[in-house]
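The following paragraphs lead through a single structure, from its overall composition to individual side chains. Please keep the sequence and the coordinates at hand while reading.

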Amino acid sequence: MSTYSSDLLRLLEERGYLHQITDAAALDALAAKQIVPAYIGFDPTAPSLHVGSMVQIMLLRRLQQTGHKPIVLMGGGTGKIGDPSFKDDARSLMTDDRIAANVASIRTVFERFLTFGDGPTDAVMLDNAEWLDRLEYIPFLREVGQHFSVNRMLSFDSVKLRLDREQSLSFLEFNYMILQAYDFRELSQRYACRLQMGGSDQWGNIVNGIELTRRMDGQEVFGVTTPLLTTADGSKMGKSVNGAVWLNEDQLPAYDFWQYWRNTDDRDVGRFLRLFTDLPLDEIARLESLEGSEINAAKEVLANEVTALVRGEEAAASAAATARDTFAGSGAGADLPVHVPDSGPVPLVTVLNALGFVQSNGEAKRKIKEGAIRVDGEVVDDLALELSPSPGSDIRISLGKKKHGLLRG
């Protein structure tokens, strides 16, 4: 039995999104009574968000599904600083043009998750550069800075960890938490925003915004955080052996995205189905109860559902078909990575790099020595092997059982 009366908090609890709430009873009562505009901020540090951001994106989706208004806040202003929370060192500063290009690229992802428009529960996308870029330094310090205690700011874990390691924290980065708090106050004034959501690492920043809004305007606002999401083996969500798992097609092909979810640890399947799909909870319970090799069927459902949501139904169907062809033994599915050499023959080591299977020639040679590389299904151990595909034909390259690509003539 849920402890909440509002559809919003009940759904978030059932699906496993809730970690901390600033005033659960008051927020529950508010969400049961009226539409709650709520926001999550995303800093545009790259042309795409990655899988590590998907919990927050899905949180906005759940908000809209339960009749509330999502506000997607792009950090065009704060992105000029970069969130220092739990980072070992400062981010590289980006130009205004780079930030603008990243924001434009990231926008496309949200259109698959949310319904945008002018209606009361339609999502809106904003950029905090709209107000942060216009701030005047002395008036800002007088109006906003007086509400922040440096002693308290130094006590936040995100700052303490950096200082305890004797790693530099610039004054520029130190200001980030003040600007994020100001965002909440600004959204409260402009859009009647009553809730900020984020990952558990944002708790201190969210509380700052709540307190600033209360002190300056006397307005009650709320905060919700999600649990830190790690996979069953303890690794951070959103990373693979070959780097970040990007949401945008330009940064990662659909097949590789599908394959990331298909390779989910057995122990994570149920949790990921609840967090990242819209499947009913009873169907998820059935899928996560599968055992042995049958759990692979649940993983394929997970991969299909998430890929369809992020990349579209057609991309999901194509990736699944490629996987079926490939794992059938002789497949050369349409979505497999392809390398077309300028001229042949081409060293196998070069092909492995070009397909993205390895990060260096040294790693490629290690994989060959380990017997992990197959060419057209046959294990190879020749470090100097060169391949020369016939015009119009393909040579199938495999790393282990799960990574496949084509050398095309």
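Of the 409 residues in the protein chain, 50% are buried. The model is a predicted one, and its chain contains 18 helices and 15 strands. Its accessible surface amounts to about 19,000 Å², and carbon and sulfur atoms contribute 48% of that area. Among contacts in the chain with a separation of 6 or more, 71% are between residues 24 or more positions apart.

Side chains of opposite charge can pair when their charged atoms come close. Across the whole structure, a search returns 15 salt bridges. One of them joins the side chains of D7 and R10, with an N to O distance of 2.5 Å. Both residues belong to helix α1 (residues 7-15), where they are three residues apart, or about one turn of the helix. D7 is partly exposed because its relative accessibility is 44%, which falls between the limits of 20% and 50%. R10 is likewise classed as partly exposed, at a relative accessible area of 26%.

Which residue does R62 pair with in a salt bridge? The partner is D278, and the closest N and O atoms are 2.6 Å apart. This pair links distant parts of the chain, 216 residues apart: R62 sits in helix α3 (residues 54-65), while D278 occupies the loop between α13 (269-276) and α14 (281-288). Is R62 buried or exposed? With a relative accessibility of 1%, R62 is under the 20% cut-off and therefore counts as buried. D278, by contrast, has a relative accessibility of 33% and counts as partly exposed. The pair also belongs to a network of salt bridges that links R61, R62 and D278.

E288 and R274 form the bridge, their closest N and O atoms being 2.9 Å apart. Because E288 lies in helix α14 and R274 in helix α13, the pair ties together parts that are 14 residues apart in sequence. Both ends are partly exposed: E288 has a relative accessible area of 35%, and R274 has a relative accessibility of 21%.

E363, located in helix α18 (residues 361-369), is buried yet has no salt bridge. When neighbours within four places in sequence are set aside, E363 is in contact with F357 and V358.

The surface has a nonpolar feature as well. Y137, I138 and L141 form a nonpolar patch there, with about 310 Å² of accessible area together. L141 lies in helix α6 (residues 137-143).

Terms used: Residues are numbered from 1 along each chain as its sequence is written. This is a predicted model: local features need pLDDT of at least 70, side-chain atom pairs count only at pLDDT 80 or more; totals for chains, interfaces and linings use all residues. Side-chain values use heavy atoms; hydrogens and water are left out. Helices (H or I, at least four residues) and strands (E, at least two) are DSSP runs, numbered from the N terminus. Buried means under 20% relative accessible area, exposed over 50%, partly exposed in between (1.4 Å probe, protein chains only). Lys and Arg count as positive and Asp and Glu as negative; His and the chain ends are not counted. A salt bridge is a side-chain nitrogen of Lys or Arg within 4 Å of a carboxyl oxygen of Asp or Glu. Contact means heavy atoms within 4.5 Å. Patches are made of residues with over 30% relative accessible area and no salt bridge: like charges are joined within 9 Å, nonpolar side chains (Val, Leu, Ile, Met, Phe, Trp, Tyr) within 5 Å. Accessible areas come from the Shrake-Rupley method with a 1.4 Å probe; for residues, only the protein chains shown count as cover.
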